[in-house]
Amino acid sequence: MGDFWVRLESTVAGWPLWAKLIVTAIVGYLGIRFAIKQAIVPLTDELRQLLFSIRTTVASWFRKPAAVEPAPPQPTRTVPLERTIWEVAKVSSRERPAAKSIPIITIANMKGGVGKTTVAANLAAEFQSHYQRPILLIDFDYQGSLSQCVLGEAGITDSDLTADVLLGSSKEDPLHYKRQMRRLIEEISIYSAHYPLATMENNIQNQWSLQQNFDDMYFLCRQLKRKEFQEQFAAVIIDCPPRLTVGSVNGLCASTHLLVPTTLDDMSAQAAEYFLNQIARLTESELIDLRVIGIVPTIVSSRTTYQNHEKQALKRLADYGNLEWKRQDLILTDGQIARSAAIARYAGNGIAYVHSSATAENFGKLGAEVRKRL
Ligand SMILES: Nc1ncnc2c1ncn2[C@@H]1O[C@H](COP(=O)(O)OP(=O)(O)OP(=O)(O)O)[C@@H](O)[C@H]1O
Ligand SMILES: [Mg+2]
């Protein structure tokens with residue numbers, strides 16, 4: 001071994017200085033790398049990650065940016081003009097709500113979870129308190145949320161389905177199935193919904209298509225024109241699912257007015273616009289004959305100040321109202337409904353209006369705003 005070092009020393013002594021420096025650098029580098037590798041084993045993962053990210057960051061300073069490949073051309077897509085079954089359906093006679101009808105207000109929007117049912121239930125309680133006369137609610141959403149709220153408030157726990165009789169599903173007189181509530185809401189009556197309604201609606205629509213006869217789109221309209229409804233109730237409020245179902249279309253055909261609840265975010269604003277465009281088309285094709293009361297902002301963060309995304313959504317809706325509907329009053333800002341713990345507390349088992357004074361005050365403003373436009 002001693003021999004080896006002596007021979008190495010004499011060999012190296014003969015090298016030029018630059019060769020000695022290079023060899024020393026290489027040996028030094030390998031030595032340090034080896035030492036770090038040995039030392040790094042017990043280091044924690046965090047430290048390794050830190051070293052790794054320092055290395056990759058420093059490396060990225062010297063890396064040339066990769067040339068951006070142009071995106072391959074995509075086939076262009078023109079969405080075919082949308083025509084609902086209702087617009088192309090054969091109807092032998094179209095009905096209109098009675099000229100001096102009581103207000104029949106459909107509450108609808110194609111977007112789910114925006115507060116339609118909450119507005120329907122609480123507005124019914126507000127109307128009842130204002131008019132001091134009975135109000136009729138119709139639940140056309142097979143999920144039955146409105147029915148749960150209203151029946152729950154009346155202390156009825158069993159689910160119930162009667163709204164289908166207003167779509168012509170039964171030979172019996174629909175008046176027979178109107179349920180009057182009790183307790184704090186005894187002046188409210190309801191035709192309720194439950195899951196089987198979804199299947200029934202599909203079957204009804206298939207039957208109409210097979211028979212090429214959509215006259216019963218106006219079944220509800222014909223019913224609500226009867227004096228038994230017109231004389232007993234101060235107003236009718238119809239809650240819809242977020243789709244143009246047999247029930248929704250019957251509701252729209254029978255209604256004198258439409259109220260569109262929406263939350264204030266960009267996606268919901270877009271959905272409200274899309275839905276109102278559909279309403280404009282149904283009106284143009286003379287299928288429906290109602291007045292759009294407007295868009296009511298719901299679940300807003302506060303009644304006094306908006307967050308930025310809410311301001312943007314409001315602006316978007318206001319611009320849409322001006323441009324497409326030539327209306328500066330399309331949004332019911334005075335009637336907007338704030339997010340509230342009381343409303344959330346009674347979801348599905350009651351009506352917040354009859355328990356919470358803050359909710360009553362908020363819906364009082366919406367009720368007043370709606371009545372101005374009836
Ligand atoms: N102002 C509010 N403050 C707090 N929670 C609210 C408010 N409005 C609605 N909610 C809650 O938001 C949820 C959705 O409301 P709601 O059922 O009224 O919406 P929807 O549009 O009818 O939904 P769907 O399309 O499913 O029928 C419910 O849990 C409800 O309690
Ligand atoms: Mg609902």
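Which of the 20 residues around ligand 1 come nearest? I began my notebook with this point and found that G112, K116, T117, T118 and A347 come nearest, where a residue is near a molecule or strand if its C-beta atom, placed from the backbone, lies within 6 Å of it.

Before going on, I noted that this is a predicted model, in which local features need pLDDT of at least 70 and side-chain atom pairs count only at pLDDT 80 or more, while totals for chains, interfaces and linings use all residues. Residues are numbered from 1 along each chain as its sequence is written, and chains are lettered from A and ligands numbered from 1 in the order in which they are written.

Entry on the ligand shell. I looked up which elements line ligand 1, and helix 5 (116-131) and helix 13 (341-345) each supply at least two residues of the shell; helices (H or I, at least four residues) and strands (E, at least two) are DSSP runs, numbered from the N terminus. Helix 5 gives the largest share, three residues. I then sorted the shell by class and recorded eight nonpolar, nine polar and three charged residues, with Ala, Val, Leu, Ile, Met, Phe, Trp, Tyr, Cys and Pro counted as nonpolar, Asp, Glu, Lys and Arg as charged, and the others, Gly among them, as polar.

Entry on N122. Leaving out residues up to four places away in sequence, N122 touches I351, A352, Y353, T359 and F363, contact being C-beta atoms, placed from the backbone, that lie within 7 Å.

Entry on the domains. I found domain 1 (15-59) and domain 2 (92-372) in the domain assignment of the chain, whose bounds come from an automatic or database domain assignment. The centres of domain 1 and domain 2, taken over C-alpha atoms, are separated by 72 Å. I also looked up a pair of residues, and from N122 to G28 there are 94 residues in sequence and 81 Å in space, C-alpha to C-alpha. R63, in the loop between helix 3 (45-62) and helix 4 (85-88), counts as exposed because 8 other C-beta atoms lie within 10 Å.

What is the order of the strands in the open sheet? I read the order of its seven strands as 3-4-2-5-1-6-7, with mixed pairing, where two strands pair if DSSP finds at least two bridges between them. Strand 3 (179-180) and strand 7 stand at the edges with a single partner strand each, so one side of each is left without a neighbour in the sheet.

Entry on strand 1. I followed residues 104-107 and saw that I104 and T106 point one way, I105 and I107 the other way, and all are buried. In a regular strand the side chains alternate between the two faces of the sheet. Strand 1 runs parallel to strand 5 (residues 235-239), joined by four bridges, and parallel to strand 6, joined by three bridges. T106 stands opposite I238 in strand 5, and its bridge partner in strand 6 is L258.

Entry on strands 6 and 7. I noted that strand 6 (residues 257-263) pairs with strand 7 in the parallel sense over seven bridges. The chain passes from strand 6 through helix 11 (residues 266-284) to strand 7 in a right-handed β-α-β crossover, meaning that, with the strands pointing away from the viewer, the path from the first strand over the helix to the second runs clockwise. L258 stands opposite V292, and V260 stands opposite I295. Why is strand 7 (residues 291-298) largely enclosed by the rest of the structure? Six of its eight residues are buried, so the strand is largely enclosed.

Entry on two loops. E286 lies in the loop between helix 11 and strand 7, and phi of E286 is near 60°, a positive value in a residue other than glycine. I299, in the loop between strand 7 and helix 12 (308-325), has a positive phi of about 50° although it is not a glycine. Are these residues buried or exposed? E286 counts as exposed, with 9 C-beta neighbours inside 10 Å, whereas I299 counts as buried, with 21.

Key
A residue is buried if 20 or more other C-beta atoms lie within 10 Å of its own, exposed if 12 or fewer, and partly exposed in between; C-beta atoms are placed from the backbone. Two residues are in contact if their C-beta atoms, placed from the backbone, lie within 7 Å.
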